[in-house]
Amino acid sequence: MRRPRALLAVVAALLVGCAAAPATVDPGAWQAPAGRAHPLVGKIWDTRAQGFVSSDAVVAGLTRARYVLLGERHDNPDHHRVQAALVRALLAAGRRPAVAFEMFTADDAAAIARHLAIAPRDAAGLAVAVDWKRSGWPDWAHYEPIAQAALDLGLPIVAGNLAPSTARALAQGDRGALPGRLAEQHALDRPIPDGGQAALTAEIAEAHCGAVPAERLEGMVLAQRARDATLAESMLTASGDGAVLITGTGHARADRGVPIYLRARAPGATIATLAPLEVREGWTRPEDYAGAYGGRLPFDWVWFTPRMGDGDPCGGVKRPPGRS
């Protein structure tokens with residue numbers, strides 16, 4: 001049976017040296033060094049159907065959604081390759097969305113617009129325009145194929161994130177830095193319902209290895225929520241056939257990330273989320289990974305990839321007294 005063009009785009013982007021191949025990735029094509037032989041690597045789990053699916057099924061699902069969120073672990077190059085392949089597949093299927101990036105902030109918007117006015121197809125030049133090397137993000141080469149695919153078709157590139165100065169002020173406890181309209185539109189003055197506020201607080205504490213004093217957590221949670229709301233707003237207001245967001249996995253989760261703000265402002269819109277997840281030793285079933293997300297994977301699909309390593313990210317971190 002002939003495979004649709006969308007699937008071929010995914011396979012071509014992810015496989016090395018194969019003209020035709022199944023919708024799985026040959027272990028030799030992965031770049032992350034650890035876990036390449038893990039039994040889940042290359043498999044895609046549909047969390048609603050509770051079964052493995054092919055990449056053509058994923059592309060079909062993403063194509064039907066107005067808003068698509070593609071997560072990543074920022075330093076894993078395989079996650080960026082999955083994102084780029086899926087964006088190309090969406091475009092090959094005829095969608096023409098705006099492409100928003102968490103990595104570009106409100107402070108970058110003017111520079112992006114100036115650059116694209118002069119060189120509307122030059123994705124490589126975006127890095128120079130926004131001084132990417134000083135941004136702290138991984139090499140622009142990971143993101144450039146995504147931007148280039150959009151620019152080749154004249155699609156908007158959107159600076160999706162909150163200005164860093166605003167995010168820092170919020171994280172330091174200055175609630176006055178919160179833009180009033182953003183707070184009103186997205187109910188940022190009220191806790192996330194259904195236990196979401198407590199869960200997000202615990203997540204941020206854990207992400208910072210328990211080293212954040214308790215009195216600072218409230219500001220950091222507000223900063224995270226403001227980022228999520230801003231990312232949602234950038235998708236809602238972008239010109240185009242809906243929008244795709246390239247973002248960290250935490251922002252893409254449907255239970256308390258960007259999707260809750262999209263749903264609140266556009267309740268009738270279709271939203272789809274996909275997260276590449278790194279495999280772990282001994283975790284050979286998708287259900288094993290649900291425990292890391294409170295018992296349920298908060299994405300529509302999970303694409304399993306090798307991992308960057310096995311080191312302890314909290315090794316050497318000094319925690320406040322009383323915290324283990």
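Helices here are DSSP runs of H or I, at least four residues long, numbered from the N terminus. By that rule, His80 is found in helix α3. The model is a predicted one.

## The chain as a whole

The protein chain holds 13 helices and eight strands. It has 324 residues, and 52% of them count as buried. Its accessible surface comes to about 14,700 Å². Carbon and sulfur atoms own 53% of that surface. Take the contacts in the chain with a separation of 6 or more: 76% of them join residues 24 or more positions apart.

## Helix α3

Helix α3 covers residues 77–92. From its first C-alpha to its last, α3 reaches 23 Å. That is close to the 22 Å expected for its 16 residues at 1.5 Å a residue. Of these 16 residues, 14 are buried, so α3 is largely enclosed by the rest of the structure.

Both ends of the helix can be described. At the start of α3, a side-chain oxygen of Asn76 comes to within 2.9 Å of the backbone nitrogen of Asp78. After α3 comes Gly94, with a positive phi near 105°.

Asp78 also takes part in a salt bridge. Its side chain meets that of Arg81 at 2.9 Å, N to O. An α-helix has 3.6 residues a turn, so residues three or four places apart point the same way.

## His80 and its surroundings

His80 counts as buried because its relative accessibility is 1%, under the 20% cut-off. Two polar partners are listed for its side chain here. One is the side chain of Glu72, in a polar contact at 3.4 Å. The other is the backbone oxygen of His74, which lies 2.8 Å from a polar atom of the His80 side chain.

Which residues does His80 touch, leaving aside neighbours within four places in sequence? They are Glu72, Arg73, His74, His142, Tyr143 and Ile146.

## Strand β8

Strand β8 runs over residues 301–305. Five of its five residues are buried, so β8 is largely enclosed by the rest of the structure.

β8 pairs with β1 and with β7. Strand β1, residues 44–46, runs antiparallel to β8 and is joined to it by three bridges. Here Ile44 has Trp303 as its bridge partner. Strand β7, residues 271–278, pairs with β8 in the parallel sense over five bridges. In that pairing, Leu277 stands opposite Phe304.

## Salt bridges

How many salt bridges does the structure hold? There are 16.

| Pair | N to O distance | Relative accessibility |
|---|---|---|
| Arg48 and Asp300 | 3.8 Å | Arg48 52%, Asp300 13% |
| Arg265 and Glu233 | 2.4 Å | Arg265 35%, Glu233 14% |

The side chains of Arg48 and Asp300 meet in a salt bridge. This pair links distant parts of the chain, 252 residues apart. Arg48 sits in the loop between β1 and β2, and Asp300 in the loop between α13 and β8. Arg48 counts as exposed at 52%. Asp300 is buried at 13%.

Arg265 and Glu233 form another salt bridge. Arg265 lies in helix α12 (residues 258–265) and Glu233 in helix α10 (residues 214–237), so the pair ties together parts 32 residues apart in sequence. Arg265 counts as partly exposed, whereas Glu233 counts as buried.

Salt bridges also form a network. Glu203, Arg253, Asp255 and Arg256 are linked in this way.

Methods:
Residues are numbered from 1 along each chain as its sequence is written. This is a predicted model: local features need pLDDT of at least 70, side-chain atom pairs count only at pLDDT 80 or more; totals for chains, interfaces and linings use all residues. Side-chain values use heavy atoms; hydrogens and water are left out. Buried means under 20% relative accessible area, exposed over 50%, partly exposed in between (1.4 Å probe, protein chains only). Helices (H or I, at least four residues) and strands (E, at least two) are DSSP runs, numbered from the N terminus. Two strands pair if DSSP finds at least two bridges between them. A salt bridge is a side-chain nitrogen of Lys or Arg within 4 Å of a carboxyl oxygen of Asp or Glu. The expected span of a helix is 1.5 Å times one less than its number of residues. A polar contact is a pair of N or O atoms within 3.5 Å; within protein, one must be able to donate a hydrogen and the other to accept it, and residues adjacent in sequence count only if both atoms are side-chain atoms. Contact means heavy atoms within 4.5 Å. Accessible areas come from the Shrake-Rupley method with a 1.4 Å probe; for residues, only the protein chains shown count as cover.
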